[in-house]
Amino acid sequence: MPQTTAAVIQPPTVPKVEPVEVVSCPDHKADRNPTSRDTLRPCTIKQVLDASQPHPDADFKIDDVEVQQLTFVGQIRNISTQTTNITYKLDDGTGTVEVKQWIDSEASTMDLEGGNSKNNAGLVENEWARVWGRLKAFNNRRHVGAHVIRPVTDKMEITYHLLEATYVHLFFTRGPLDASGENGANGGQADGQYGGDGEMGMGGARGMPNVGPNARRVYQCLKESPQNNEGLNVQHIAASLRMPLTEVMKAGDELLTQSLIFTTVDDTTWAILEF
């Protein structure tokens, strides 16, 4: 019987596949979306009007800082209702600006003539309102496109906002406060800009204004002399400084004008005004 040989089946040759490095493309959507870097800046209307813009496509700047979103308060001087928007003219005492709020055509029917819309309820002339929106320019005229505008129901909000806007302005122009209450790296320079000479007054809270030498002597006497809550009389100050009474009175008037001292029991008794 003939001998048979079994055929050996070889496995198919599999080509070697080199690993491929996959490089992911960066997502530029975040870079194109300006809302990802939005900040809310409290300001006055004057700051809105004085904001700089290097070129028409650039962001506006206040205190040399880019402004995306802003908020301010103002008294409504005029309301103009159009088919597509409502224009409010607001005045906060520093300037006047137009605020445009676009009407949503898909919203529920609004009685614009009667002013019964929930979007503008309480917004009437001569009342105060707060605005959140963006600063825009069209035909060399600036206006604010409002995202939200609502009436101010508590008048203390007006004072709070003006203080907040002042604080933020000083933060960017004079630098942050350190632990001692003094300005940081820009503090000394800022004191010079505001007329100070580096000499601190009022407990070190701020620089002494640009007052005369006699006023400084009177202030120093009031600051260092032992006294009760009533302060010191001009006669005592004149005797302590060996200064003529008329010169003391002139120095006192200068300090009163700068709100560094105040009268107590009478017009000739003074004390330091501390904050």
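**Figure 1. Salt bridge between Asp 63 and Arg 41.** Asp 63 is partly exposed in this predicted model, with a relative accessible area of 23%. Its side chain meets that of Arg 41 in a salt bridge, at 2.7 Å from N to O. Asp 63 lies in the loop between β2 (60-62) and β3 (65-67) and Arg 41 in strand β1 (residues 40-42), so the pair joins parts that are 22 residues apart in sequence. Arg 41 counts as buried, at 6% relative accessibility. The structure holds seven salt bridges.

**Figure 2. Salt bridge between Arg 141 and Glu 98.** The two side chains meet at 3.6 Å, N to O. Because Arg 141 belongs to strand β8 (residues 141-151) and Glu 98 to strand β6 (residues 96-102), the pair ties together parts 43 residues apart in sequence. Arg 141 is exposed, with a relative accessible area of 55%, whereas Glu 98 is partly exposed at 22%.

**Figure 3. Salt-bridge network of Arg 130, Arg 150 and Glu 157.** These three residues are linked in a network of salt bridges. Between Arg 150 and Glu 157, the closest N and O atoms are 2.8 Å apart. Arg 150 is partly exposed, at 30% relative accessibility; Glu 157 is buried, at 15%.

**Figure 4. Packing of helices α5 and α6.** Helix α5 (residues 213-224) packs against helix α6 (residues 234-241) at an angle of about 105 degrees, with the axes 10 Å apart; the two helices are therefore roughly perpendicular to each other. Arg 217, Val 218, Cys 221 and Leu 222 of α5 meet Ile 237, Ser 240 and Leu 241 of α6. The contact residues comprise five nonpolar, one polar and one charged. Among the buried residues of α5 are Val 218, Cys 221 and Leu 222.

How values were computed
Residues numbered from 1 in each chain as written. Predicted model: local features only at pLDDT ≥ 70, side-chain atom pairs only at ≥ 80, totals over all residues. Heavy atoms only, no water. Axes fitted to C-alpha atoms, helices over the stretch in contact; angles between N-to-C directions. Helix = DSSP H or I, 4+ residues; strand = E, 2+ residues; numbered from the N terminus. Parallel < 35°, antiparallel > 145°, perpendicular 65-115°, else oblique. Contact = heavy atoms within 4.5 Å. Nonpolar A, V, L, I, M, F, W, Y, C, P; charged D, E, K, R; others polar. Buried < 20%, exposed > 50% of the residue type's maximum accessible area, 1.4 Å probe, protein only. Salt bridge = Lys/Arg side-chain N within 4 Å of Asp/Glu carboxyl O.
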